[in-house]
Amino acid sequence: MTRQVRWTGTQALALSTSRRLVALEVLRGLAILGTLLTNIWLFSSSSVSSLAALVVAAVLATSPQA
């Protein structure tokens with residue numbers, strides 16, 4: 001036998017807010033991980049060419065697509 005649950009507006013809002021916060025925390029974690037990996041890669045290499053490649057990649061990534 002299945003029991004139906006009726007959600008009030010406040011309960012549904014709290015549930016959606018909770019899911020949204022979890023999604024934001026996951027995105028925040030991925031951003032921090034990307035920053036960490038970029039810093040490890042950047043500071044572990046001693047050549048200037050890798051820094052130039054990073055700058056070019058950053059410029060290309062932020063330029064508007066035609």
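Mentor: Residues are numbered from 1 along each chain as its sequence is written. In this predicted model, local features need pLDDT of at least 70 and side-chain atom pairs pLDDT 80 or more, while totals for chains, interfaces and linings use all residues, and side-chain values use heavy atoms, without hydrogens and water.

Trainee: What makes the contact of Arg28 and Glu25 a salt bridge?

Mentor: The term requires a side-chain nitrogen of Lys or Arg within 4 Å of a carboxyl oxygen of Asp or Glu. For Arg28 and Glu25 the N to O distance is 3.2 Å, so the pair meets the definition. By this rule the count is one salt bridge.

Trainee: How are Arg28 and Glu25 placed in helix α1?

Mentor: They lie three residues apart in helix α1 (residues 9-44), about one helical turn. Helices are DSSP runs of H or I with at least four residues, and strands are E runs of at least two, numbered from the N terminus. The chain has two helices and zero strands.

Trainee: Why is Trp41 called partly exposed?

Mentor: Buried means under 20% relative accessible area and exposed over 50%, with partly exposed in between (1.4 Å probe, protein chains only). Trp41 has 42%, and is therefore partly exposed. Glu25, at 47%, is likewise partly exposed. Of the 66 residues of the chain, 2% count as buried.

Trainee: Where is Trp41 placed, and what separates its C-alpha atom from that of Leu51?

Mentor: Trp41 is in helix α1. The C-alpha atoms of Trp41 and Leu51 are separated by 9.8 Å, with the two residues 10 apart along the chain.
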